[in-house]
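Good morning, colleagues. Please take a moment to look at the sequence and the model.

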Amino acid sequence: ETRGMGVFHQACFVCHGFFAEPGGSAPDLRSSPLSLSAEAFHSVVKEGALLSAGMPVFPELTDAQIEDARHYIRSRAAAQRNETKKGAAKGKSGVSQ
């Protein structure tokens, strides 16, 4: 995850938010189905599949860096899901903070 975080913060966070949390000008990648497919993610990041939609292309990134970034995004999505579950469980139990 550390390598992926480095790649993400080097190439993605300006638009997609620090720690992959919304705040940039682009979609929240944690809920994007693109991160589920290595092939689809690669086609967007390295080959410019969404260039016409405003997503820049990053030909300088290696395949390994792209895969590291994809895994980082997936780990952030999992963390978000876990936080949502914890919040729902607290709400059901009547526990407040």
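Is F13 buried or exposed, or partly exposed? F13 is partly exposed, since its relative accessible area is 31%; buried means under 20%, exposed over 50%, and partly exposed in between, with a 1.4 Å probe and protein chains only.

A word on the source: this is a predicted model, in which local features need pLDDT of at least 70, side-chain atom pairs count only at pLDDT 80 or more, and totals for chains, interfaces and linings use all residues. Residues are numbered from 1 along each chain as its sequence is written, and side-chain values use heavy atoms, leaving out hydrogens and water.

F13 lies in helix α2, residues 13-16; helices are DSSP runs of H or I with at least four residues, numbered from the N terminus.

I turn to the ring pairs. The structure contains three aromatic pairs, meaning rings of Phe, Tyr and Trp (its six-membered ring) with centres within 6.5 Å; planes under 30 degrees apart count as stacked, over 60 as edge-to-face and the rest as tilted. One of them joins F8 and Y72 in a tilted arrangement, at 5.4 Å centre to centre and 50° between the planes. This pair links distant parts of the chain, with F8 in helix α1 (residues 2-11) and Y72 in helix α4 (residues 63-93), 64 residues apart. F8 is buried at 0% relative accessible area, and Y72 is buried at 1%.

F13 and F18 form an edge-to-face pair, 5.6 Å centre to centre with 85° between the planes. F18 is partly exposed, at 45%. Ring pairs also bring F13, F18 and F19 into a cluster.

How values were computed. Helices (H or I, at least four residues) and strands (E, at least two) are DSSP runs, numbered from the N terminus.
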